[in-house]
Amino acid sequence: MATATTKSSSRRSHTSLPVIAGSSLAGTAVEWYDFFLYGTAAALVFNEVFFPADDPLVGTMLAFATYAVGFIARPLGAAVLGHYGDVKGRRATLIASLMLMGVSTFLIAFLPSYAAIGVGAPLLLVFLRLVQGFALGGEWGGAVLLVSEHGDSTRRAFWSSWPNLGPPLGNLMAAGALAILSGVMSEEAFLSWGWRIAFALSAVMVIVGLVLRLYVAETPLFEKSQQKAKSETRRMPLGAAVRGYWRQILLAAFTRFGENAGFYIFSLFVITYLTQILDLDRSTGLNAVMIGMVVALVTIPLFAILADRIGRRPIYISASLATIVWAFVFFGLLDTKNTLAIIVAVSVGLLIFAAYSAVIGAFFSELFPTEVRYSGVSLAYNLASVLAGSLAPIIAIALYNWFDTGYAIGAYLAVMGVISLIAAIIARETQSVDLATVGTTRDDAGLDHEPDEDRTAAAETTTTGTKQQPSTAVAP
């Protein structure tokens with residue numbers, strides 16, 4: 001009966017790639033709007049509303065500390081929601097993550113300020129930020145898999161890049177909402193209540209995203225995996241992913257260091273640098289970020305098409321090299337205080353981010369078998385977010401306080417680019433991988449070694465139901 005119901009539901013749901021990709025994009029855009037709205041507000045509002053301090057940079061650092069708290073919760077969300085996604089399905093998990101993110105963001109709009117209730121205000125803010133981070137921990141992996149597991153292997157990078165349009169689109173909407181609100185009202189009104197409107201608007205977008213996600217079908221690869229699980233003992237997906245695929249998790253995480261740290265420097269910290277260090281108008285930074293986000297939105301699909309033709313590694317390597325160079329050029333251009341130079345600095349930085357983003361979805365999906373793919377992809381993605389993204393704004397402020405120059409921040413970003421470069425060089429090309437058989441051969445692992453025993457055992461049955469003998473080779 002359950003099987004018949006599932007099949008009937010699948011027939012009523014959409015299975016066309018454009019519809020599924022659009023649904024994934026809508027959901028990620030909403031969630032990243034919520035997440036980046038907090039980050040942008042931390043740079044512009046929260047330092048005064050929730051963390052008043054004599055030194056503006058200290059207040060901003062405290063605000064960014066709560067921003068980082070959201071990243072700390074992301075691995076937990078990746079573990080819990082990743083497990084749920086591997087056991088119950090990609091679609092159901094994505095609906096749950098969207099609801100958690102939307103409710104927590106909506107409630108931030110109604111939080112009292114520090115002046116009203118004292119320390120209780122930042123504590124409530126931290127709690128809601130933890131819920132945001134937990135929800136986002138399971139969002140990206142599921143959105144990417146919803147597309148890649150339906151998909152066309154010859155255009156996997158292209159279709160898998162659609163969810164990656166969510167971060168720039170969400171950031172664009174968040175920056176745009178705050179820019180419009182701050183532009184049509186006084187500074188006092190904006191800090192008092194205007195910023196809350198942007199958070200309250202998330203409720204409308206969550207409803208739209210929820211309707212779209214209810215409209216699409218579960219992935220065929222997951223459904224086949226579920227049928228296979230009924231006839232054999234199922235391992236815990238999270239444990240199987242960590243034991244058998246820890247090398248792939250680390251490799252994937254390291255490839256994101258340059259992208260993740262760069263994105264938060266180019267799109268978030270830049271606003272603090274321009275307003276509080278260079279003493280420029282807030283609109284200068286917001287406008288530059290919005291233009292840069294448009295550049296990223298346009299170029300991510302183009303880079304993805306290229307990745308489907310030449311592979312993932314060339315794009316990764318080129319983006320990492322560009323990060324190392326642009327890390328220093330970026331701050332040189334900002335220090336000119338010239339509006340056009342600032343726009344160029346941010347736009348090129350986000351162009352580099354677009355190159356990374358174009359291949360991440362396909363590459364990560366190609367590293368793990370269906371049974372543990374949601375867990376593996378989510379853990380790798382969010383591990384990088386914690387180690388590289390969450391700390392980037394805080395480290396940037398600390399480095400400037402110590403060295404009194406943006407080039408110190410550039411050196412830090414260049415190191416992140418070097419880490420991504422090394423990981424990309426170590427990785428094997430995964431362009432030709434068949435997602436249905438990942439984990440059954442040595443050539444689909446993304447690394448130059450035999451599959452681990454646990455990893456092979458976790459995916460010992462192919463989608464055709466034929467048993468494969470675990471490899472007896474020992475990984476070096």
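Predicted model: local features only at pLDDT ≥ 70, side-chain atom pairs only at ≥ 80, totals over all residues.
**Entry 1: confidence.** The mean pLDDT of the chain is 82. I found that 83% of the residues reach 70 or more.

**Entry 2: helix H4.** I looked up residues 90-108, which form helix H4. Its 19 residues should span 27 Å at 1.5 Å a residue. The end C-alpha atoms are 28 Å apart, which agrees. Next I asked which residues of H4 are buried. Among them are Arg90, Thr93, Leu94, Ser97, Leu98 and Met101. Further along H4, Ser104, Thr105 and Ile108 are buried as well. An α-helix has 3.6 residues a turn, so residues three or four places apart point the same way.

**Entry 3: a surface patch.** I turned to Phe106, which is found in H4. Phe106 has a relative accessible area of 31%, so I logged this residue as partly exposed. Phe106 belongs to a nonpolar patch on the surface, with Met99, Val103, Leu107 and Phe110. Together the five have about 450 Å² of accessible area.

**Entry 4: helix H18.** I moved on to residues 373-389, helix H18. This helix has 17 residues and reaches 23 Å from its first C-alpha to its last. I then checked burial in H18. Of the 17 residues, 15 are buried, so the helix is largely enclosed by the rest of the structure.

**Entry 5: salt bridges.** How many salt bridges does the structure hold? I noted eight. In one of them, Glu139 meets Arg213 at 2.5 Å, N to O. Glu139 sits in helix H7 and Arg213 in helix H11, 74 residues apart. Both Glu139 and Arg213 are buried.

I followed Arg312 next. Its side chain meets that of Asp308 in a salt bridge of 3.4 Å. Arg312 also forms a salt bridge with Glu366, with the closest N and O atoms 2.6 Å apart. Arg312 lies in the loop between H15 and H16, and Glu366 in the loop between H17 and H18, so the pair ties together parts 54 residues apart in sequence. Arg312 is buried at 1% relative accessible area. Glu366 counts as buried at 0%.

Salt bridges that share partners join Asp86, Arg90, Glu149 and Arg373.

Conventions:
Residues numbered from 1 in each chain as written. Heavy atoms only, no water. Helix = DSSP H or I, 4+ residues; strand = E, 2+ residues; numbered from the N terminus. Expected span 1.5 Å × (residues − 1). Buried < 20%, exposed > 50% of the residue type's maximum accessible area, 1.4 Å probe, protein only. Patch = residues over 30% accessible without salt bridge, like charges linked within 9 Å, V, L, I, M, F, W, Y side chains within 5 Å. Areas by Shrake-Rupley, 256 points an atom, 1.4 Å probe, with all protein chains shown as cover. Salt bridge = Lys/Arg side-chain N within 4 Å of Asp/Glu carboxyl O. pLDDT = per-residue confidence, 0-100.
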